[in-house]
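Good morning, colleagues. I would ask you to look at the structure on the screen while I go through a few of its helices and aromatic rings.

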Amino acid sequence: MKKIVQVISVVFIIFMALITLFPFIYMLLASVMTYQEATSIPPTFFPSSPQFINFRLVFEHAPFLRYFFNTVFVSLTTTFGILITSVLAGFALVKLEFKHKNLVLIVMISLLMVPYESIVFTNYQTIAQLGLLNTYSALIIPSLASVFYIYYLQGYLKGIPSSYYKAAKIDGCGDLEFIWKIMIPLAKPALVTVGILSFISGWNSFLWPLLVTNDSNMRLLNNGLSAFTTESGSDVHLQMAAATLTIIPILIVYFIFRKEIIRGVAKNGIKG
């Protein structure tokens, strides 16, 4: 009976994995199809002759290299900003004593429940009034801090014994020196997780860049996929090829740092 249950469990897991991976696999297959194959009904699942020229046509139909540069630049800059603000805010909330600290935490938790869509237009009005539309500043500034990552890192830093901070202060160590030499090395798994997740979030950003940029030279990769849509229809095969090129860097980042991501999520800090 136990073996039967195990077999059923394995079959169920494989079945669910296939359902989950099917859209991704079909995207890869459609990226080397012809237009007729990609739009055929009933759908074609395997190309008769792989059209790798689709990837070259992507760069001819749209400034894809520009989209790629914009996405890398914005994602790296916002990730760096989030790491700095999260580390400083997390340190202040855990190691420093000040009035109304609990109130600050309550407000932060409350902000986590506010949907992003409810504040995006307020942010847009602020950026527009500052005259920053269609600039890198508009793409970067609203994403330089994240309440979610601050709260996550604050929870992780609680596991670092307070005696470390007190001993460092006795030895004449300043707050910034403590953060750089002691706290950051101890919180490396969590910081790697925050960095990777924020980079992926910036890479996949769609709504905000669409609102604050009008010039195609300022668009990001996900917005650039619309370049393959015309009034007469969409070049589906080229869209799939472009989507494949867009997702490959994220897959590389994930497979390189997957262990760090799992370690940062699973570990709650240092005990003892």
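Which elements cover the buried residues of α5? Among them are α4 (64-95) and α8 (147-157). Before I go further, a word on the source: this is a predicted model, in which local features need pLDDT of at least 70 and side-chain atom pairs count only at pLDDT 80 or more, while totals for chains, interfaces and linings use all residues. Residues are numbered from 1 along each chain as its sequence is written, and side-chain values use heavy atoms, with hydrogens and water left out. Helices (H or I, at least four residues) are DSSP runs, numbered from the N terminus.

Let me begin with α5. Helix α5 covers residues 101-112, twelve residues in all. From its first C-alpha to its last it reaches 17 Å, close to the 16 Å expected at 1.5 Å a residue; the expected span is 1.5 Å times one less than the number of residues. Lys101, Leu105 and Met108 of α5 are buried, where buried means under 20% relative accessible area, exposed over 50%, and partly exposed in between (1.4 Å probe, protein chains only). An α-helix has 3.6 residues a turn, so residues three or four places apart point the same way. On the other side of α5, Asn102 and Ile106 are exposed.

Helix α3 (residues 53-61) has buried residues too, namely Asn54, Phe55, Leu57 and Val58. Their arc around the axis is only 160 degrees, which puts them on the same side of α3.

I turn now to the aromatic rings. Rings of Phe, Tyr and Trp (its six-membered ring) pair if their centres lie within 6.5 Å; planes under 30 degrees apart count as stacked, over 60 as edge-to-face and the rest as tilted. By this rule there are 14 aromatic pairs. One of them is the edge-to-face pair of Phe91 and Tyr165, at 5.6 Å centre to centre with 75 degrees between the planes. Phe91 lies in helix α4 and Tyr165 in helix α9 (residues 162-170), so this pair ties together parts that are 74 residues apart in sequence. Phe91 counts as buried at 5% relative accessibility, and Tyr165 does at 11%.

Phe91 also pairs with Phe178: the ring centres are 6.1 Å apart and the planes are at 45 degrees, so the pair is tilted. Here Phe91 in α4 is linked to Phe178 in helix α10 (residues 175-186), 87 residues apart. Phe178 is buried, with a relative accessible area of 0%.

Finally, Lys95. This residue lies in helix α4 and is buried, with a relative accessible area of 8%. Leaving aside neighbours within four places in sequence, Lys95 is in contact (heavy atoms within 4.5 Å) with Leu157, Ile160, Pro161, Ser162 and Tyr165. The C-alpha atoms of Lys95 and Ile160 are separated by 9.7 Å, although the two residues are 65 residues apart along the chain.

Definitions and conventions:
Helices (H or I, at least four residues) and strands (E, at least two) are DSSP runs, numbered from the N terminus. The arc is that of the directions from the helix axis to the C-beta atoms.
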